[in-house]
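These are my notebook entries on a structure that is new to me. I set down what I looked up, one topic at a time.

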Amino acid sequence: MTMKTLVASIATLLLLTAAILPIQARAEDDDGDILSEARILHDPAIPAVGNADGDITIVEYFDYQCPYCRKISPELAKVVRDDGHVRLVFKDWPIFGGTSIYAARLTLAAKYQDKFAEAHEVLISLNEKLSEAKVDAALSGAGIDLARAKADLEAKRAEIDAILARNHEQATGLGFQGTPAFIIGHFRVPGAPNAQAFKQAIADARKAASK
């Protein structure tokens, strides 16, 4: 076994060990508890991608300027696409400064023109330091009506900022230290899984759900 393979194996082991830590959430949303299962997995203000009727939900807390979020995005997308039964929820947790907050707000505003998925995909695919101008150009290039997105942001700023506040409170309440961080089924998965680890965590979540 090469050193590179050994390091990768250790990283996967640590990831899967983390994945067996269940979230402390209830099946019902008790009195608006921010850490309830309903609030974590099914926030109605955040569009889901993948299979809307999937048997397993993956929640990712991420930042558009997080290099690890960018790196794993194609692998996560492929795992979800190949599986076919995963519901995927992206929760903006902009911890890299003002530009990250700008990108998060505009992406959430894009949902009002049914372009949330497109906005997310183009921004998470940018492998460069972001600026507001770069965010605007990327969104426009992906077919988002930028003028409308900015108007919707102004009109819905309180609602959008409330989403970001909930995401932050959940991520910190769940004990996550940074991005990316995941909930897979009822398991907390901090860090950046590879495709194998994603598949194993999904399988473990299904097994737990069947008990």
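**Entry 1. Contacts and overall make-up.** I began with the contacts in the protein that have a separation of 6 or more: residues 24 or more positions apart account for 73% of them. I note that the model is predicted. I then looked up the secondary structure and found nine helices and six strands. The protein has 211 residues, and 45% of them count as buried.

**Entry 2. Strand β4.** I asked how many of the seven residues of strand β4, residues 86-92, are buried. The count is seven of seven, so β4 is largely enclosed by the rest of the structure. I next looked up which way the residues of β4 point. V86, L88, F90 and D92 point one way, R87, V89 and K91 point the other way, and all are buried.

**Entry 3. Strand β3.** I made the corresponding search for β3, which spans residues 56-62. I found β3 mostly covered, with seven of its seven residues buried. On one side of β3 lie I56, I58, E60 and F62, and on the other lie T57, V59 and Y61; both faces are covered.

**Entry 4. Strand pairing.** Which strands pair with β4, and in which sense? I recorded β3, which pairs with β4 in the parallel sense over seven bridges. Strand β2, residues 48-50, is joined to β4 by three bridges, and these two strands run antiparallel. For individual positions, I found V49 with L88 of β4 as its bridge partner. T57 stands opposite R87 in β4, and Y61 stands opposite K91 in β4.

I then followed β3 to another partner. Four bridges join β3 to β5, and the two run antiparallel. Here Y61 stands opposite A181 in β5.

**Entry 5. The path from β3 to β4.** I traced the chain between the parallel pair of strands, β3 and β4. The chain passes from β3 through helix α3, residues 67-83, to β4, and this β-α-β crossover is right-handed. Within α3 I looked up R81. Is R81 buried or exposed? Its relative accessibility is 57%, so R81 counts as exposed. I also checked R81 against G50: the two are 31 residues apart in sequence, and their C-alpha atoms are 7.0 Å apart in space.

**Entry 6. Helices α4 and α5.** For packed helices, the description rests on the angle between the axes and the distance between the axes. I looked up α4, residues 98-109, and α5, residues 116-124: their axes come within 8 Å and cross at roughly 150°. The two helices are therefore roughly antiparallel to each other. From α4 the contact is made by A103, T107 and L108, and from α5 by F116, A119, H120 and L123. I sorted the residues of this contact and found five nonpolar, two polar and no charged.

In the loop between α4 and α5 I looked up D114. D114 has a positive phi of about 55°, although it is not a glycine. With a relative accessibility of 68%, D114 counts as exposed.

**Entry 7. Helices α4 and α7.** I went on to the packing of α4 with α7, where the angle is about 100° and the axes are 8 Å apart. That makes α4 roughly perpendicular to α7. Y102, R105, L106 and A109 of α4 meet L146, A149, K150, D152 and L153 of α7. The residues of this contact divide into six nonpolar, no polar and three charged.

Is D152 buried or exposed? At 16% relative accessibility, D152 counts as buried. Leaving aside neighbours within four places in sequence, I found D152 in contact with A109 and Y112.

**Entry 8. A cis peptide bond.** Last, I looked up the peptide bond from T179 to P180, which is cis, with omega near -10°. P180 has its place in the loop between α8, residues 157-173, and β5, residues 181-184.

Conventions: Residues numbered from 1 in each chain as written. Predicted model: local features only at pLDDT ≥ 70, side-chain atom pairs only at ≥ 80, totals over all residues. Heavy atoms only, no water. Axes fitted to C-alpha atoms, helices over the stretch in contact; angles between N-to-C directions. Parallel < 35°, antiparallel > 145°, perpendicular 65-115°, else oblique. Contact = heavy atoms within 4.5 Å. Nonpolar A, V, L, I, M, F, W, Y, C, P; charged D, E, K, R; others polar. Buried < 20%, exposed > 50% of the residue type's maximum accessible area, 1.4 Å probe, protein only. Pairing = 2+ DSSP bridges. Right-handed = clockwise from strand over helix to strand, strands pointing away.
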